[in-house]
Amino acid sequence: MPKIIGDSLPEHRARVRAKVFDALRNQLYERGFDAITLAGVAAEAGVGRTAMYNHFPDKEHLLVAFVEHEAADYVERLRAELAATTDPVQRLATFVRLQLRTLADYHLPPGSTLVSALAPATYRRVAAHADPITEQLRAALVDGVRSGLLPQQDPDIVVPMIMAALGARQVVDVPPGQLEDAIASAVSFVLRAVGVDRTATR
């Protein structure tokens, strides 16, 4: 019988998944998704291949589970930071900073992009985890308009434009000592773009 990690089966499963996700994270950002194998992830995680397949039947299922885990952690952190202020403009600024600092922390995977590496249905499942994130941006934007701090604008147009701008790797692809200045410039840009008429603060 395989050795149980922790005091219970649920704890064992949680610890195994954490080890597997750590290994996947390393390989994803070093080699790219198309170069990853379940056996390779299992070996780095120190998990038996049989146990690996019991948790994840293929690497697409592994990626979806990983994205769900990462997205849930990020959304929880995002909501907590945005809840620290009721000012919609400051919430927008906080959103931009957190998005860009997170982008700076994660290197883009080499190789093919996920949209070409995954089956369409799987990619849609992965992409859907951005929805709770964009909803936080939408809420701040709508609150800003309702409060009169922002001019009238269509969030269906503005939100995807902001998200596209915040996904530009070049914004944070700077020497570490220049990162905060780059983020501050991006915050000012986004706030001006939505009609804020005051200088953004860090």
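The legends below concern a predicted model, in which local features need pLDDT of at least 70, side-chain atom pairs count only at pLDDT 80 or more, and totals for chains, interfaces and linings use all residues. Residues are numbered from 1 along each chain as its sequence is written, and side-chain values use heavy atoms, with hydrogens and water left out.

**Figure 1. Overview of the protein.** The protein has 10 helices and 0 strands; helices (H or I, at least four residues) and strands (E, at least two) are DSSP runs, numbered from the N terminus. Of the 202 residues, 39% are buried, where buried means under 20% relative accessible area, exposed over 50%, and partly exposed in between (1.4 Å probe, protein chains only). Among contacts (heavy atoms within 4.5 Å) with a separation of 6 or more, 68% join residues 24 or more positions apart. The protein exposes about 11,300 Å², of which carbon and sulfur atoms supply 55%; accessible areas come from the Shrake-Rupley method with a 1.4 Å probe, and for residues only the protein chains shown count as cover.

Figure 2. Helix 1 comprises the 23 residues 9-31, which at 1.5 Å a residue should span 33 Å; its end C-alpha atoms are 32 Å apart, which agrees. The expected span of a helix is 1.5 Å times one less than its number of residues. The buried residues of helix 1 include His 12, Val 16, Phe 21, Arg 25 and Leu 28. Packing of the buried residues of helix 1 is against helix 2 (38-45), helix 3 (49-55) and helix 4. Just after helix 1, Gly 32 adopts a positive phi of about 95°.

**Figure 3. The loop between helix 4 and helix 5, seen at Thr 85.** Thr 85 is placed in the loop between helix 4 and helix 5. With 25% relative accessibility, Thr 85 counts as partly exposed. A polar atom of the Thr 85 side chain lies 3.1 Å from the backbone nitrogen of Asp 87. Such a polar contact is a pair of N or O atoms within 3.5 Å; within protein, one must be able to donate a hydrogen and the other to accept it, and residues adjacent in sequence count only if both atoms are side-chain atoms. Not counting residues up to four places away in sequence, Thr 85 touches Gln 90 and Arg 91.

**Figure 4. Thr 102 within helix 5.** Thr 102 belongs to helix 5 and is buried, with a relative accessible area of 17%. A polar atom of the Thr 102 side chain lies 2.8 Å from the backbone oxygen of Leu 98. When residues up to four places away in sequence are not counted, Thr 102 touches Tyr 74 and Arg 77.

**Figure 5. The largest nonpolar core.** This core has 33 residues, of which Phe 95, Leu 100 and Val 194 touch the most other members. A nonpolar core is a set of buried Ala, Val, Leu, Ile, Met, Phe, Trp, Tyr and Cys residues joined through side-chain atoms within 4.5 Å. Helix 4 (59-82), helix 5, helix 8, helix 9 and helix 10 are the elements that give two or more residues to this core, and helix 5 gives the most, with 9 residues. Leaving aside neighbours within four places in sequence, the contacts of Val 194 include Leu 92, Leu 141, Val 158 and Ile 162.

Figure 6. The 12 residues of helix 9 (residues 155-166) should span 16 Å at 1.5 Å a residue, and its end C-alpha atoms are 16 Å apart, which agrees. Pro 155, Val 158, Val 159, Ile 162, Met 163 and Leu 166 are the buried residues of helix 9. Seen down the helix axis, these residues fall within an arc of 130°, so they line one face of helix 9; the arc is that of the directions from the helix axis to the C-beta atoms. Asp 156, Met 161 and Ala 164 are exposed on the other side of helix 9. The buried residues of helix 9 pack against helix 5 (88-105), helix 8 (131-147) and helix 10 (179-193). At the start of helix 9, a side-chain oxygen of Asp 154 comes within 2.9 Å of the backbone nitrogen of Asp 156.

**Figure 7. Helix 10 and Leu 191.** The buried residues of helix 10 include Leu 179, Ile 183, Val 187 and Leu 191, and the buried residues of this helix pack against helix 5 and helix 9. Leu 191 counts as buried at 4% relative accessibility. The C-alpha atoms of Leu 191 and Ile 162, 29 residues apart along the chain, are separated by 10.0 Å.
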